[in-house]
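Please look through the sequence and the structure shown below.

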Amino acid sequence: MLTDSPPRKKNLAGFQESDGSRRLDLPKDGYLVAAAKSIEVAMNENASPSVRRACAEFLAIASGFYEVPACGIRVLAARPLRVRENWTSELFGDYDPNTKQIRVWMRTAVRKDITSFGTFLSTLCHEFCHHLDFQRFRFADSWHTRGFYERAGALYHNARGTPPKKLFWVQVPGGRWRIDWQRTNQGGQAFQSEIQFSAHK
Ligand SMILES: [Zn+2]
């Protein structure tokens with residue numbers, strides 16, 4: 001995962017606000033976990049209409065929680081040849097702010113492998129966070145900042161019922177940042193054993 005380059009002066013304040021917003025209020029009632037489970041069940045049955053319904057339910061709950069207008073959802077069998085965004089981390093979905101439409105696809109274009117549930121849900125959360133950027137935070141654009149990735153990650157772990165992961169970043173040229181996966185994964189383990197440790201006390 002790589003952040004976008006900071007924009008020119010006009011939108012720089014919004015970009016910095018997005019970058020600094022590392023936290024996201026999260027539902028505590030477990031509704032998203034149940035909705036995410038339904039997506040997993042539908043994917044295991046390989047039933048596209050059920051996957052779409054389960055995604056729509058998931059997004060309706062999330063939109064209700066964040067008090068934003070509903071967003072549309074299309075679940076496509078395969079990745080379209082042309083996508084709005086060409087980020088390598090977004091091989092599996094996109095979001096159109098004009099139509100408030102999320103598209104996710106269940107198969108990659110090159111190899112016809114089915115997308116794993118984890119990747120699929122992570123993509124859905126990522127695209128929903130673009131929706132939040134426009135509809136809740138009212139940013140002029142939805143940049144891939146460190147804050148954006150952290151908010152999307154927090155939503156994903158909440159929906160999966162897994163412990164949140166602290167992300168570690170390394171600066172790369174052009175004012176951009178990439179995730180240091182080695183430290184992030186080590187940190188994640190340390191964080192988990194910390195939880196286990198305190199649970200055993
Ligand atoms: Zn994105």
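**Helix packing and core**

Helix α2 (residues 31–44) and helix α4 (residues 117–135) have axes that come within 10 Å and cross at roughly 135 degrees. Axes here are lines fitted to C-alpha atoms, for helices over the stretch in contact, and angles run from 0 to 180 degrees between N-to-C directions. Helices (H or I, at least four residues) and strands (E, at least two) are DSSP runs, numbered from the N terminus. The model is predicted: local features need pLDDT of at least 70 and side-chain atom pairs count only at pLDDT 80 or more, while totals for chains, interfaces and linings use all residues. Residues are numbered from 1 along each chain as its sequence is written, and side-chain values use heavy atoms, with hydrogens and water left out.

Two packed helices are described by the angle between their axes and the distance between the axes. By the angle, α2 and α4 are therefore oblique to each other; angles under 35 degrees count as roughly parallel, over 145 as roughly antiparallel, 65 to 115 as roughly perpendicular and the rest as oblique. The crossing in which α2 passes α4 is right-handed. A crossing is left-handed if the near helix is turned anticlockwise from the far one by less than a right angle, and right-handed if clockwise.

Which residues of α2 and α4 meet? From α2 they are Ala-36, Ile-39, Glu-40 and Met-43, and from α4 they are Phe-117, Phe-120, Leu-121 and Leu-124, where contact means heavy atoms within 4.5 Å. The residues of this contact of α2 with α4 divide into 7 nonpolar, no polar and 1 charged. In this classification Ala, Val, Leu, Ile, Met, Phe, Trp, Tyr, Cys and Pro count as nonpolar, Asp, Glu, Lys and Arg as charged, and the others, Gly among them, as polar.

Helix α2 also packs with α3, at an angle of about 170 degrees and with the axes 8 Å apart. The two helices α2 and α3 are therefore roughly antiparallel to each other, and their crossing is left-handed. On the α2 side, Tyr-31, Leu-32, Ala-35, Ala-36, Ser-38, Ile-39, Ala-42 and Met-43 take part; on the α3 side, the residues met are Ser-50, Val-51, Ala-54, Cys-55, Phe-58, Ile-61 and Ala-62. By class, the contact of α2 with α3 has 13 nonpolar, 2 polar and no charged residues.

The largest nonpolar core has 40 residues, of which Ile-39, Phe-58, Ile-102, Phe-120, Leu-121, Leu-124 and Phe-128 touch the most other members. Such a core is a set of buried Ala, Val, Leu, Ile, Met, Phe, Trp, Tyr and Cys residues joined through side-chain atoms within 4.5 Å. At least two residues of this core come from each of α2, α3 (48–66), β1 (72–78), β3 (101–107), α4 and α5 (146–160). Helix α4 gives the most, with 9 residues. Leu-121 touches Ala-36, Ile-39, Phe-58, Tyr-156, Ala-159 and Arg-160, not counting residues up to four places away in sequence.

Gly-161 is found in the loop between α5 and β4 (169–172). At 57% relative accessibility, Gly-161 counts as exposed; buried means under 20% relative accessible area, exposed over 50%, and partly exposed in between (1.4 Å probe, protein chains only). The C-alpha atom of Gly-161 is separated by 8.1 Å from that of Gly-30, 131 residues apart along the chain, and by 9.5 Å from that of Ala-34, 127 residues apart along the chain. Ala-34 is found in helix α2 and is partly exposed, with a relative accessible area of 46%.

Lys-100 is found in the loop between β2 (93–96) and β3, and is partly exposed at a relative accessible area of 25%. Arg-138 lies in the loop between α4 and α5 and is exposed, with a relative accessible area of 60%.

**The chain as a whole**

The protein chain has 6 helices and 5 strands. From the N terminus on, its elements run α-α-α-β-β-β-α-α-β-β-α. Buried residues make up 42% of the 201 residues. Among contacts with a separation of 6 or more, residues 24 or more positions apart account for 63%.
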